[in-house]
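Dear colleague,

I am passing on the structure below, together with some notes on what was found in it. Please have it open while you read, so that you can follow each residue as it comes up.

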Amino acid sequence: MTSTSKPIIWKEKERLDGEIVGCMTVILRTRGCRWDKCYMCGYTSDAYPASEEELIQQINYAFEQLENEQVLKIFTSGSFFDDAEVPPKIRAYILERFNQAGLKKLIVESRPEYITEDRLKEFDGANLEVGVGLETANDRIRELCINKGFSFDDFKRAATVLRNYGFRVKCYLLLKPPFLSEGEAIEDAIKSVIASKQYVDVFSLNLTNVQKGTLVERLWRAKLYRPPWLWSAVEVLREAKEAGIEILSDPVAAGKQRGPHNCGKCDGKVAGAIRDFSLTQNVSLLEGLNCDCIEKWKKAVELEKYSRAPLF
């Protein structure tokens, strides 16, 4: 197995029925997302046109790394249920190895168009959670600021099919797509949680980071885009918990210029609190966070209201 065809693997913690357990995350090298048009996503730069034999080799290698984990995440550069990316034979093999290993939960991701009854019935009886990148419940923002290629109705259909099979629905929301101000991004994320909560079991708030080769990177280099403040994520997470909603966030690249950040001094502390909250759902971990820059963040959110006309 070459370095370009080897899966990416790491160990972490994950929630399982209210408990914190070990989890192994596996990024399979596949041909990548068939859509590949989202403005913030550069994941297909890691794509690899793996054959079925190579995919089986990757899966075998991944299962050899298991220790005492109870949760397995199998991600790709696109959609787990896209037959062109993960063929039915490969999905069946993953499920077979999953059951043999005695794992308790499988988490995958897919665009809604590939979530169909004929694909899901292969996993009937499994403890399956499927993440779908809705990003926002606002169709105009999803089309114009993200270029996602599907509608809120498409998401609702897929979520309904998943729940009819007894599977959990994880909804990814994007904090601060390009072209939204900080305040607009906070408001849109909170509205999206409320609008979609009846279709969702758990939310994951993804904070936009600047990935190579994307429109977001071009805007960032031109100083027309700043990744979200970590304070904005704290605000959205607090509001969601007040509504009684389970919501997670893992601020990737926190503290870096290409990632979500505050002033530099408090980034590690605030990002750590967000991660700890995500595991425990204890909102008190988000209380008492403070830094001189929080006033600068508040002022930035306030002044943006007067610096330009609202986009949406």
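Strand 2 (residues 19-27), helix 1 (residues 52-64) and strand 3 together make a β-α-β unit that is right-handed; a crossover is given that name if, with the strands pointing away from the viewer, the path from the first strand over the helix to the second runs clockwise. Helices (H or I, at least four residues) and strands (E, at least two) are DSSP runs, numbered from the N terminus. Please keep in mind that this is a predicted model, in which local features need pLDDT of at least 70 and side-chain atom pairs count only at pLDDT 80 or more, while totals for chains, interfaces and linings use all residues. Residues are numbered from 1 along each chain as its sequence is written, and side-chain values use heavy atoms, with hydrogens and water left out.

Within that unit, strand 2 and strand 3 pair in the parallel sense over 5 bridges, where two strands count as paired if DSSP finds at least two bridges between them.

On to strand 4, which runs parallel to strand 3 (residues 71-75) and is joined to it by 3 bridges. The chain gets from strand 3 to strand 4 through helix 2 (residues 88-101), and this β-α-β crossover is right-handed. Among the bridge partners in strand 4 are Lys105, which is the partner of Val71, and Ile107, which is the partner of Lys73. Because 5 of the 5 residues of strand 4 (residues 105-109) are buried, the strand is largely enclosed by the rest of the structure. Lys105, Ile107 and Glu109 point one way from strand 4, while Leu106 and Val108 point the other way, and all are buried. Strand 4 is also joined to strand 5 (residues 128-135) by 4 bridges, and these two strands run parallel; the partner of Val108 in strand 5 is Val130.

Arg142 has its place in helix 4 (residues 139-146), and it counts as buried because its relative accessibility is 1%. Its side chain reaches the backbone oxygen of Thr136 at 2.5 Å and makes a polar contact with the side chain of Asp139 (2.6 Å). (A polar contact is a pair of N or O atoms within 3.5 Å; within protein, one must be able to donate a hydrogen and the other to accept it, and residues adjacent in sequence count only if both atoms are side-chain atoms.) Ala273, in helix 9 (residues 267-280), counts as buried because its relative accessibility is 9%. Leaving aside neighbours within four places in sequence, Ala273 is in contact (heavy atoms within 4.5 Å) with Leu285, Leu286 and Leu289.

Finally, the rings. The structure holds 6 aromatic pairs, in which rings of Phe, Tyr and Trp (its six-membered ring) have centres within 6.5 Å, with planes under 30 degrees apart counted as stacked, over 60 as edge-to-face and the rest as tilted. One of them, Phe80 with Phe81, is edge-to-face, at 5.2 Å centre to centre and 90° between the planes, and both residues are buried. Ring pairs link Phe80, Phe81 and Phe123 into a cluster. The charged end of Lys37 sits over the ring of Trp35, 4.6 Å from its centre, which rests on NZ of Lys or CZ of Arg being within 6 Å of the ring centre and within 35 degrees of the ring normal.

With best wishes

Definitions and conventions. Buried < 20%, exposed > 50% of the residue type's maximum accessible area, 1.4 Å probe, protein only.
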